[in-house]
Amino acid sequence: AGIRRRVHQTRGTDFYASLRTQAALEKAEVAVVLIDASQPLTEQDVRVIQQVIDAGRALVIAYNKWDTVDEERRYYLEREIERGDGAALNRLVPALQTALESWDRRIPTSKLNAFLGEVVAAHPHPVRGGKQPRILFGTQASTRPPTFVLFTTGFLDPGYRRFIQRRLRELYPFEGTPIVVNMRVRERRKR
């Protein structure tokens with residue numbers, strides 16, 4: 001709370017607040033980021049949210065000072081929240097439970113591979129340098145956050161990995177948690 005500057009620009013209490021935030025994230029399962037609804041979203045708000053995602057923690061965004069927002073801004077803010085991720089407005093506890101359940105969610109390997117087969121058939125990876133990497137199979141390596149490993153014949157573009165993450169979110173309820181997609185490239189055997 002109350003972090004105003006980037007960590008490398010902080011002095012005194014701001015510096016120690018940023019250190020406490022990082023230490024708290026390392027111990028936490030879920031982080032609630034409190035946003036001042038009466039102010040536009042700041043760069044620092046985005047930075048703190050990114051810090052939570054980078055730490056691999058479940059995330060709930062809560063709005064403070066909702067009663068000070070005028071009717072027009074409230075209308076647009078509610079639309080933005082609904083469009084963004086269907087956040088549980090005024091229901092913090094259910095939102096926390098949803099985020100924690102998503103953070104612990106495990107997808108069976110058979111369902112994951114069926115999903116990957118459908119995604120790759122509908123939208124194959126683009127050809128790069130005359131070669132098209134293929135996904136051989138995938139597995140969920142861990143939870144907290146959900147981490148998937150894709151075994152491939154070549155390097156997958158970051159955009160294609162983000163595409164797979166988006167499709168996973170569309171099919172499975174991963175609200176309030178980051179998803180990690182890693183690759184293991186199969187090396188060619190020498191003959």
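A crossing of two helices is termed right-handed if the near helix is turned clockwise from the far one by less than a right angle.

**Close-up 1. Packing of helix 5 against helix 6 in the predicted model.** By the above criterion, helix 5 and helix 6 cross in the right-handed sense. Helix 5 spans residues 109-122 and helix 6 spans residues 158-171; their axes lie 11 Å apart, at an angle of about 120 degrees. The two helices are therefore oblique to each other.

**Close-up 2. Residues in the contact of helix 5 with helix 6.** Helix 5 contributes Leu-112, Phe-115, Leu-116, Val-119 and Val-120. These residues meet Tyr-160, Phe-163, Ile-164, Arg-167, Leu-168 and Leu-171 of helix 6. By class, the contact comprises 10 nonpolar residues, no polar residues and 1 charged residue.

**Close-up 3. The hairpin of strand 3 and strand 4.** Strand 3 (residues 135-142) pairs with strand 4 in the antiparallel sense over 6 bridges. Within this pairing, Phe-137 stands opposite Phe-151 of strand 4. The hairpin has 4 residues between its strands, and Arg-144 in the turn adopts a positive phi of about 60 degrees.

**Close-up 4. Parallel pairing of strand 4 with strand 5.** Strand 4 (residues 147-152) and strand 5 (residues 180-185) are joined over 6 bridges in the parallel sense. Thr-152 stands opposite Val-185 in strand 5.

Notes. Residues numbered from 1 in each chain as written. Predicted model: local features only at pLDDT ≥ 70, side-chain atom pairs only at ≥ 80, totals over all residues. Heavy atoms only, no water. Axes fitted to C-alpha atoms, helices over the stretch in contact; angles between N-to-C directions. Parallel < 35°, antiparallel > 145°, perpendicular 65-115°, else oblique. Contact = heavy atoms within 4.5 Å. Nonpolar A, V, L, I, M, F, W, Y, C, P; charged D, E, K, R; others polar. Pairing = 2+ DSSP bridges.
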